[in-house]
Amino acid sequence: MAVSTLSSIQRYAAAALLALALRQAQIHQTRPLGSEPAEPDSPSKERSSNASGCSTSSAEEEGGDSPHLWTHESQGLLRPVFRLLDVDQKAWVGLEETAASSEAKFHAGAYLRMIFEEDGERSQERLDLELALAKAVDAMEMSLQTGNVDPDPDQDQDQDQNQNQNQNQHQHLDANPESQLTVDMQKFDDSPVNYQRKISVLYELLSACVADMPPQDESKSTRFRKGYDARHRAALRLLSMWLNVKWVKMEAIEIIVACSAMAAAKELKESQGNESPRSKWEKLKRGGIIGAAALTGGALLAITGGLAAPAIAAGFSALAPTLGTLVPVIGASGFAAFASAAGSVAGSVAVAASFGAAGAGLSGTKMARRIGDVKEFEFKPIGENHNQGRLAVGILIAGFVFEEEDFLRPWDGYKDNLERYALQWESKNLIAVSTAIQDWITSSLTYELMKRGAMLTVLNSLVTAIALPAVFLSATNWIDSKWSIAIDRSDKAGKLLAEVLLKGLQGNRPVTLVGSSLGARVIFKCLQELAFSGHNEGLVERVVLLGAPVSVQGEHWESARKMVAGRFINAYSTNDWILGITFRASLLTQGLAGIQAIDIPGVENVDVTDLIEGHSSYLTCVQKILQRLELETYYPVFLTPTLDSSIL
């Protein structure tokens with residue numbers, strides 16, 4: 001076993017907590033934290049099955065030995081972690097069965113007590129290492145927060161006002177971690193030593209999760225995937241909530257683990273080039289690094305970059321002595337040399353290339369081949385979080401644009417700790433359809449209809465499946481062909497996006513997908529393609545659809561939901577009559593996610609009508625909507641009241 005700050009009992013308890021968190025995170029896919037479980041024969045369940053177009057059992061109904069469970073051996077999510085933490089192999093099956101068959105609150109409290117209790121294996125040296133690690137995480141957290149200063153001083157005030165306006169339509173969820181557990185967490189929060197222990201648990205679990213250790217029996221783990229699985233990240237979000245550790249600290253741990261991994265692999269490659277992957281792995285274990293090496297076959301986590309940003313590079317260099325103590329196989333000098341080399345763009349590219357980064361990553365990547373008639377599909381970096389060893393990626397897709405800058409403008413300035421990319425796709429067709437719709441809005445006929453308040457009647461007709469007035473159908477005929485082409489291109493672009501993720505161009509890291517208008521449809525079609533391809537549950541962590549032109553009926557929503565490990569949000573506006581008319585006139589479908597709540601288990605519905613004056617508002621209001629959603633929280637911020645079955 002690698003040098004660890006945790007005793008064998010504490011590592012066992014940490015592994016057990018991860019297993020419980022994985023199981024609970026899967027249950028929360030269809031029953032979000034804070035929501036009430038549906039009755040077995042409830043109308044809601046029947047409607048969701050019909051809306052999805054398929055009949056699949058939810059995660060909470062699966063048996064303990066079902067291969068669909070994230071805790072099952074075949075998923076390859078737990079046993080590599082058990083092995084890395086040196087958990088007794090005789091205990092593996094019991095941990096898996098306990099996590100699969102029980103609610104977390106019945107066991108998590110006992111495991112937490114085991115983590116915070118001292119035993120004979122503890123020493124002053126390990127306590128010192130825990131303290132050093134906690135200080136390193138706090139320093140990295142400070143660096144992250146310094147880089148995310150909000151440029152708009154009025155933004156917080158706007159957010160508070162918007163949430164107050166929304167209280168009449170949604171119930172704000174108070175997700176107290178103690179409601180999930182049978183233990184009073186406050187007694188574990190009053191000691192600096194306990195805080196340090198929490199950091200150590202999260203650090204060692206993450207290290208084990210990202211470790212690319214060769215499986216001992218590949219035949220039993222049929223879905224082993226290199227890198228950082230989105231389901232692991234969702235489980236760590238939940239576990240950090242149980243431990244009352246802010247998520248930004250977990251993001252700081254991610255950077256430390258990623259950069260330690262790259263430094264370790266660089267050190268080994270330079271000194272032991274002729275060793276086999278397994279012997280290199282054993283050397284790392286003896287040297288004091290757990291899963292952070294993430295090394296087999298000469299390939300590290302495919303992280304597209306090193307540490308190019310000055311603030312992060314300087315902070316990492318300052319932490320070199322501490323990290324050198326934690327990982328003696330590299331040492332302080334090794335970390336300092338790595339930080340220095342990665343402090344330049346050329347150095348970071350060289351570091352990434354030496355660890356088997358997947359091609360050029362997303363940055364500047366254009367599609368390798370066409371699918372159908374899609375002629376433009378290119379990722380463009382956004383923000384300053386590139387080449388910094390970030391272990392999560394954001395892909396942002398606009399779909400209602402009037403010029404090429406509109407693919408980037410909605411997302412520019414929004415602060416988070418993801419490595420973010422905007423997708424520019426089919427700009428010629430999207431600009432054409434957006435302009436045509438805008439011209440139609442300003443036409444004299446539309447102006448008269450708006451003055452008479454007829455648009456609200458139209459939206460009501462869309463939702464209740466009443467036939468549209470002929471005047472609207474004739475008025476939209478001349479933009480219908482352009483819209484139909486845009487719908488076709490978005491469906492094909494969704495397949496291209498799925499292909500990108502399957503190839504690992506995002507660097508085998510969890511992905512957050514956010515899309516507006518036709519961009520939201522691209523994301524949904526991507527999820528459908530991933531579901532169709534099979535066994536791709538670990539790629540996408542979170543999804544946000546804004547004003548999505550996606551039918552409620554017949555679109556396999558449940559299958560798409562299963563591809564998202566964490567939160568899945570449908571943000572809609574009930575007064576978006578532009579979306580309703582153009583989509584209904586084109587496809588003559590019933591129900592539309594972008595203008596109404598949808599009754600699909602695990603999909604959060606958020607009404608943003610107060611922010612959206614028209615469909616083009618998504619170009620300017622995205623950041624306010626994302627702030628309202630509080631994406632960094634594990635739980636759904638808003639719970640939608642029970643839907644009226646008459647509108648579905």
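Predicted model: local features only at pLDDT ≥ 70, side-chain atom pairs only at ≥ 80, totals over all residues.
User: Is Asp 86 buried, partly exposed or exposed?
Analyst: Buried means under 20% relative accessible area and exposed means over 50%, with partly exposed in between. The relative accessible area of Asp 86 is 34%, so this residue counts as partly exposed.

User: Is Glu 426 buried or exposed?
Analyst: Glu 426 also is not a glycine and has a positive phi, of about 40°, and it is found in the loop between β4 (419–425) and α16 (427–441). The cut-off for a buried residue is under 20% relative accessible area, and Glu 426 has 5% relative accessibility, so it counts as buried.

User: How many nonpolar residues does the contact of α1 with α9 have?
Analyst: In this contact, residues of α1 including Leu 17, Ala 21 and His 28 meet residues of α9, among them Arg 231, Leu 238 and Trp 242. Sorted by class, the contact has one charged residue and three polar residues, while the number of nonpolar residues is 12.

User: How far apart are the end C-alpha atoms of α1, and what span should its 23 residues have?
Analyst: Helix α1 is mostly covered, with 19 of its 23 residues buried. At 1.5 Å a residue, the helix should span 33 Å, which agrees with the distance between its end C-alpha atoms, 35 Å.

User: Which residues touch the most other members of the largest nonpolar core?
Analyst: This core holds 81 residues, and its largest share, nine residues, comes from helix α19 (residues 470–503). A second, separate core of 70 residues includes Ala 16, Leu 85, Val 201 and Met 250. Within the largest core, the residues that touch the most other members are Trp 425 and Leu 527.

User: Which residue just after α23 takes a positive phi?
Analyst: Helix α23 (residues 618–629) is mostly covered, with 10 of its 12 residues buried, including Tyr 618, Cys 621 and Leu 629. Just after this helix, a positive phi of about 50° is taken by Glu 630.

Conventions: Residues numbered from 1 in each chain as written. Heavy atoms only, no water. Contact = heavy atoms within 4.5 Å. Helix = DSSP H or I, 4+ residues; strand = E, 2+ residues; numbered from the N terminus. Nonpolar A, V, L, I, M, F, W, Y, C, P; charged D, E, K, R; others polar. Core = buried A, V, L, I, M, F, W, Y, C linked by side-chain atoms within 4.5 Å. Buried < 20%, exposed > 50% of the residue type's maximum accessible area, 1.4 Å probe, protein only. Expected span 1.5 Å × (residues − 1).
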